[in-house]
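Let us walk through this structure one piece at a time. Keep the 3D view open and find each part as it comes up.

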Amino acid sequence: MRLPDTLEKLRQKLFSDTVTTFGWMSVVLLILLAIAPAKNFFADWHRYQRGYERLISRRSDAVTLRRHFEPGIQQIWLPEMDVVDRCTTCHTALKEASLMDVTTQPYRVHPAIPHKAEEFGCSVCHRGQGAATSVEEAHQSTLAWEEPILPAKYLESSCGQCHQQDLKGTPQLNLGRKALAQYGCVHCHTIKRPDGAVITGTDDPPSLAHIAGKTTREWIYAWLKDPQSYSTTATMPNPKLSDADARDISAFLITSSTPASLQVVQTSLDQAKKVKDDAALQTKAASLYGESFCASCHAVQNAAGNLVGGNLGPELTKVGSKVKPEWLQAWIRNPHVYDPPTEMPHYRFTDQEVGLLTGFLMGKADPDLLANVRLDPATPEQVAHGKRLVNDYGCASCHEINGVKRPENFAPELTKIGSKPVNQLAFAPGVSHTLYDYIEAKIRQPRAFGPGLKMPQYTFNTAQVDALVNALLSHNERALNLPAAKTVPAVAASHYEPAGRAGQLINDLSCFSCHAINGRGGDMAPDLTWEGSAVQRDWLVQFLRNPNTLRPALIRRMPKFNLTDAEINTLADYIMTVYQSPKVDRESMPLAGYPPGQIELGKQLYYSKYGCQGCHILDTKQDKGYIGPTLTHVGSRLTAAWIYNWLKDPQALRPGTQEPKRNMSDEDARALTAFLMSQKGRETQEAKKR
Amino acid sequence: MKRTACILVLLITALWLGCSRQAGTQAVAAKPTAFGAALVESSGGKQTAEVGTPLAQPLVVQVNDEQGNAVTGALVIMHGPGGVAFDPAAGVSDSSGQFTTNVALGTIPGRYQLTASTTNKAGKTVELKIEEIALGYQEMLGSQLNDQYCARCHNQESSPERVSNYDNLAVKPHLFTEGDTLNKISDADLAAIISHGGPALNKSSLMPPYGYTLSKSEIQAVIAYIRMVSDPPYGASGIVYAQK
C-alpha cells in the first residue's frame, strides 16, 4: 500500500463526522496546553529546587532548612544598580551556615564576605546574565549576552568597580593596580578612574636628552635588542626591534643628545682608575659601598645568581658595562644635578670616596654583554630613519627625547576596557572568545594579534598577568555609572612639600624615598609625620650625625650622609617644630625626676604583667626580643609624653603598628613611662658623670 | 558519479583530520625513556594560596630508583580534584630526576590532595600524594593579619628581611600548624586568648591581648586561618578535596 493511501484511510477514520473531529481536536489542544507547565516542570531551576529539597530532607535540621527555603523563581532587584538577579532561584543555600560541608553546586554556602547579596546582588561581582533562569544563559557567553561568569581568579576586579583605593581583602587587585602604574602601561594608555582622575605612572623613565654623556651607542643597541639581558629586573619591555632598527634608533638617540653639565673631578677619576688593580683599595671601596647602605636600594647578583639588595634603584650587576666613568663619578657626587627628581640621595662624599665608589662600580662589568656589538658610524639616512622609528614606537611616551614631542593618546584609552563588547575585539588564533582571555593574551603576547602592532613584549609572570587583568577588568561601564552612595573614592595622592631651607635639604637627601611624611613617601623606614613629638632634640642631632640602628636584626638601615653641623641644626629645628602631633603635648610630662617607687612599679609591670621583654631588648644581657626597637637608651631618645600616649594607644599614633593596644590603666601607663624614661643608656650616664 | 563520491570521501577525511588535530592538542605527554621506583616531594608541598590563583612556588617532585638515585626521563603525570590546573600536567623528569609543574588550586577553599604518578619497570603505577591549601576570602584576610601581627613569634622561619622572634621567647608559642594542640582548643577559647592575651586562659603573658587592636571579625578571620593550616586538619574544615 502506498503512503498517500494510508493517510487517506486515517483521515477518513478520524474525521468521519463532526463529533469525532471535535474529540480529536480537543485532545490535540490539551496536549498543546500541557506543554507550558511541562516545560516549566523540566526547567533547570525547577530541577535544582527539587534536588535541594531532596538534599535537605536527609539532614537532621531539615525542618529549619525547609522553613528558610522559598520555592519558585527568586529575584533580587536593585534599580539604582541596574541589577535583576535570579541567581538565588537555584543557589538556594547561599546563607545556610549548617550546609558548610556541601560541596556540590548550586547548593554551596557563600563564603563570608563584607557585603549582603540583598544590597548588591550577585552579578555586580560575578557578572553573568542575572535575569536568566537556565544554567547556560546565566553562566556562559551566548549570542545575546557576552558577559560570562568571571573565573574566581578575576573576582577581585569587581571589588575595584566601587573601591578605588586599595583593600586588605583584594591582594590581586592591589598588585594589578600597582603594576599598571609601575610598568609604564599608563604612559601610552590613558586610564581614567570613575572620578575623572587620570592614573599616573609611579615609575620614572629616565630622560634621554643627555644620554650620550651617560652611556655608549653600543650599550643602547644591546639594551634595545633585549633589556632583560642587561638586567633581569629591568622594567622596560622588549620592543622587539630588528638589528637594523635598533642600529638606527641608537644612532638617532646619540645624535640628538645634548651635553649634560657634569662636574668632572680629575682626582675622583684618577682614584677610580687605581681601584681596578689595587686589592687594598678594592676592599676599602667595597666596605664604603656597604657602609653607605647602597644595597638597601640597589641589588647585585651574587655568585649563586641570586639578587641581593633592594629594588628601589636599578640593579647594578653589570653597571660597569653601561655607564661612562665621568658620568658615574658626577652622579655619585650629586645625582640631582643630572636628574633633579631622582630618588637617590645626595651623599656628601669626598672626591676620594666618589673615586672609590666609581672604581668599585665600574668593576661590575660583563665583558660578554657588548662583545658582539659592532656598529659602523651612522649615516644621516640611518639617523633620520631612527627618528621615524622613535615616533612610530612612541618612545617619547615614556622618555624625554630631544626633538621628539611626547605623543598624546599613543595607544587606545582603557577607561572602559572592562566592558568592551567582545564582538568589537579581534582575537588572535587560539584565544577563547571572552574579554578576560583577550586581555590576558594581549598582555602575554601582544604581537601575536597581527603584524604591525607596536605594543612591546613584557616579561610578566603568571601572577602579575592575572593581577593586571583584574585591575583592567575593574575599569568598566558599571564602575563609571555607579550611584555616588556606592562608590568609595580613592585616597587623594599627597603632594606634600616641606618648606624653606629644611625643605630643600629634605629633597636633596631624598628623605621621601624611604620615609613618609604627611602621606607622601616610601615605606622602607618609619613615618616621620610626628617625629617632632616623639623624639628629643639631642638624640635627633646625634642620630643625623651618625645614624645607628634601633632595631636588632635589621639589614636595611639609614645611611650616613656626612651632613655639616649647620645642616643638622636646620633639619633638627624643622623636624622638632613642624612635625608635631596634635594628640601629644611634648611639654606635658617631664623627661626625668620620676619617684623611685613609680619607676620600680613600672619595672615590675614591664617584666611581669605586660611581658614587654618578649619583643623589646632593655637589658642586653638577658633580653632577646627582635620585634620592637631596642629600649636601652629610650629615656634619652623619646619624650615622656610620646611614650605615655603610645602605651595608651599605639595604633592611634602609627596605624598598623604591630604593638597591640593594651587598654592600660592611667596608673600603669604612667609607671611604665617613668620606668622607660629612667633608661638613659650607659654611655649617656657616663658622659654625664664626666 | 564516481567523481562526486571521491570528492565526498576526500572532504570527510579532511574534516576528520582537522577535528582530530584539535582534539589532539589537549595532552601530548612525552614518551618516557626510563622508569623509576619511587616518587618523593622535593619542594612546593603544603603551600597556601588564594582560591583560583596559582601557588607562589612551583611543585617539584623527584623520581628515584630502588637505590634512591635520581632517574632521568621517567614520565610523571599529575592528577587533582576538579578545578585544579597543572602547567604542565605531565612530563619527563629532568637531568636531576625532577619534574616541575605550576599549580593553580580550585575555587573551593580547603585542602587539596594532588597526586603525582609514574610507572615503574613492572608497569605498575607509583603514586605520591601532596597536599596544598586554598584560602577563601576569610582565611586570606586571616593570613594577612597573621603576617602583620602573629607570624614574627608564631612562625620559626626567618628571612634576612624579617627575623623570627620564636627562639627569643622563654615560653615557646604554638606554631599555627600544630594541629595536635590547637585542634583541641575551641573557637571561643582561641578568640579569648587572642582578645585578652595568654593570661586569660592561664597561659604565658608574653602573648599580648589583641582585642583592642583587632575587630571581632578580624579575630574570626585569624581563627579561620589557623584552622585551615593546622596539621593534622581541624575537624570542620578537615574535608580534603581529592580526586573521585
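Begin in chain A, in the loop between α24 (500-508) and β5 (516-517): S510(A) is found there. Look at the backbone of S510(A). Its phi is near 50 degrees, a positive value in a residue other than glycine. Bear in mind that this is a predicted model.

A positive phi turns up at another place in chain A. Go to helix α16 (residues 279-291) of chain A. F293(A) follows α16(A), and the phi of F293(A) is positive, near 55 degrees. Now check the helix itself.

Step back to the domains of chain A. The domain assignment lists domain 1 (3-40), domain 2 (44-149) and domain 3 (205-402). It goes on with domain 4 (416-458), domain 5 (502-578) and domain 6 (586-689). Take domain 3 and domain 4 of chain A. Their C-alpha centres lie 34 Å apart. How many residues does each give to the contact? Domain 3 of chain A gives seven residues, and domain 4 of chain A gives five residues. On the side of domain 3 of chain A that touches domain 4 of chain A, three residues are nonpolar, two are polar and two are charged.

Next, see where the two chains meet. The contact takes 31 residues from chain A and 31 residues from chain B. On the chain A side, α22 (462-473) and α28 (596-609) each supply at least two residues. The largest share of that side comes from α22(A), with three residues. By class, the side of chain A that touches chain B has twelve nonpolar, eleven polar and eight charged residues.

Cross over to chain B and find its sheet. Strands of a sheet pair through backbone hydrogen bonds, either parallel or antiparallel. Which pairing is used here? The pairing is antiparallel, in an open sheet of four strands with the order β1-β3-β7-β5 (chain B). The edge strands are β1 (38-43) and β5 (85-87) of chain B, as each pairs on one side only. From one strand to the next, the twist averages 35 degrees.

One residue pair to find is F86(B) and its bridge partner V103(B) in β7(B). Then follow the chain into the loop between β5 and β6 (90-92) of chain B, where P88(B) lies. The peptide bond from D87(B) to P88(B) is cis, with omega near 0 degrees.

Finish with two helices of chain B. Helix α2 (residues 137-154) and helix α5 (residues 216-229) pack at an angle of about 95 degrees, with their axes 7 Å apart. That angle makes α2(B) roughly perpendicular to α5(B). Residues of α2(B) in the contact include L141(B), L145(B) and C150(B), while α5(B) brings residues including A221(B), V222(B) and Y225(B). By class, this contact has eight nonpolar, four polar and two charged residues. The loop between α5 and β10 (240-241) of chain B holds P232(B). A cis peptide bond joins D231(B) to P232(B), with omega about 5 degrees.

Methods. Residues numbered from 1 in each chain as written. Chains lettered and ligands numbered in written order. Predicted model: local features only at pLDDT ≥ 70, side-chain atom pairs only at ≥ 80, totals over all residues. Pairing = 2+ DSSP bridges. Axes fitted to C-alpha atoms, helices over the stretch in contact; angles between N-to-C directions. Expected span 1.5 Å × (residues − 1). Domains from an automatic or database assignment. Contact = placed C-beta atoms within 7 Å. Nonpolar A, V, L, I, M, F, W, Y, C, P; charged D, E, K, R; others polar. Parallel < 35°, antiparallel > 145°, perpendicular 65-115°, else oblique.
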